[in-house]
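Here is a short briefing on a structure with its chains taken in turn. Look at the model first, then read on.

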Amino acid sequence: MDPVTILTLAQTVIAQNGDQAAAAAISGKDIIQAGALIGAGICMGFGAIGPGIGEGFAAGKACEAIGRAPEEAGLLTRTMLIGQAVSESTGIYSLVVALLMLFVIV
Amino acid sequence: MDIAPETWNFIGRFVGAAFALGLGGIGAAVGMGMAAAEANRGMMRQPSRHSDLLRTMLLGQAVGGSPSIFALVVGLLILFLPVNEATSGAVFASTLIGAGLAVGLGCFGSGIGCGLPALAACQGVARNPEKSTALTTTMMIGQALAQSPSIFATIIALMLLFLPIPGVGLASIGIAIGAGISMGASALGPGIGSGMTAGGAVRGQSNWPASRPVTVRTMLIAQAICDTPAIFGMLVAFIMLFTLQDLEPTIIGFSQTFAAAIAVGVGGIGPGIGCGAVGDTSCEATANEPKNDALMLRTMLIGQAVSQSTAIYALIIALVILFVV
């Protein structure tokens, strides 16, 4: 869909709600801002799923290993934290991209 | 093409009730099925102890079925709630759809979560029938806590149905659907995660019954932390319902609430399940070696705190979307 179609569609939906003035006032800039806001929300929301589950599995296995070999707790905790920090990276990419959409594009 | 307010009200009732019952029924059905499957397997191995197994299975299913009952109650309310004349039309329809999304998604997670401890308890009773009372008690404590995200979701759904929604026009539509998504989706992960933790604790207790007190303590702490993303979702839903009176009634206001809801709601799923995976293994390891419980608790808390970080990023982004941009 080209931007003009999206604009017309949005104006039609809002006009249906009985708000003719708001429908007339809607501009292409508003559509871009709305898109950036929703994009930032989807980016951070879905981007948080993977790191959350992945870090949980890393920590779960670390707990299991410490249960079996408590004398190696220091080494295992260090390895767990390094693994989690690496899993975290995609979550941080999502955060950065979401902030870019919110503060650079809007 | 104009849609009359009465048509909007019917659209809201049907779509909202479908979300509530359609999504809310899945979790409890899967959870109860897992308990029944494991009870059957246990009876095959130990036919003489079938009455113990049947009791544990039925208790687990009765408690595990309650999220779907919350969904049924809210679904019936959505279908038969008297029309609010002030908001009749698209706004009333969106409050019904928001309530349906909140309770549907919220009960999905808790239903699966309640099934996991019931499964572990049936497994444990089949192996060790003389310990069935203690195991069933731990199972029910775990299930009760795994249900708290679905209770939060039910509260938000009832607030959406019975309290006035702030704002006008598109802003109200955004707030109603946004509060529903942020609460419902964020309760999904914690419900499953809390259940995974309870499952690990019940499994640990069935293998090492002597370390029950310390196992239950670790389980309670881990489940409380698993529920944090659901609390973030509830916080954002409360913010939307009570503080956004001056939201712009334009497409910008709508996309602000919708985007914040997707961020904090969907962002809570992963951390909830991840914290549950940590709780699962740490409860089992604590039951195995109760003398290492302080070390295990420390590692578990560090692991859960790090898994939680993306939920905190999601909360920050949601608040930035609502209040800064």
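Chain B holds 12 helices and 0 strands. Helices (H or I, at least four residues) and strands (E, at least two) are DSSP runs, numbered from the N terminus. This is a predicted model: local features need pLDDT of at least 70, side-chain atom pairs count only at pLDDT 80 or more, and totals for chains, interfaces and linings use all residues. Residues are numbered from 1 along each chain as its sequence is written, while chains are lettered from A and ligands numbered from 1 in the order in which they are written.

**Chain B**

- Along the sequence, chain B reads α-α-α-α-α-α-α-α-α-α-α-α.
- The radius of gyration of chain B is 21 Å, close to the 20 Å from the globule rule for 325 residues, so chain B is as compact as a globular protein of that length. The radius is taken over C-alpha atoms, and the rule is 2.2 Å times the number of residues to the power 0.38.
- Taken along the principal axes, the C-alpha atoms of chain B fill a box of roughly 65 × 40 × 25 Å.
- Of the 325 residues in chain B, 66% are buried. A residue is buried if 20 or more other C-beta atoms lie within 10 Å of its own, exposed if 12 or fewer, and partly exposed in between; C-beta atoms are placed from the backbone.
- In chain B, 91% of the contacts with a separation of 6 or more join residues 24 or more positions apart. Two residues are in contact if their C-beta atoms, placed from the backbone, lie within 7 Å.

**Chain A**

- Chain A has 5 helices and 0 strands.
- Buried residues make up 36% of its 106 residues.
- For chain A, residues 24 or more positions apart give 69% of the contacts with a separation of 6 or more.

**Helix α3 of chain A**

- Why do the ends of helix α3 (residues 28–47) of chain A lie 28 Å apart? At 1.5 Å a residue, its 20 residues should span 28 Å, so the distance between the end C-alpha atoms agrees. The expected span is 1.5 Å times one less than the number of residues.
- Among the buried residues of α3(A) are A34(A), L37(A), I38(A) and M44(A).
- Their cover includes α5 (73–105) of chain A, plus α10 (251–267) and α12 (293–323) of chain B.

**Where the chains meet**

- The contact takes 53 residues from chain B and 46 from chain A.
- On the side of chain B that touches chain A, α12(B) gives the largest share, 17 residues.
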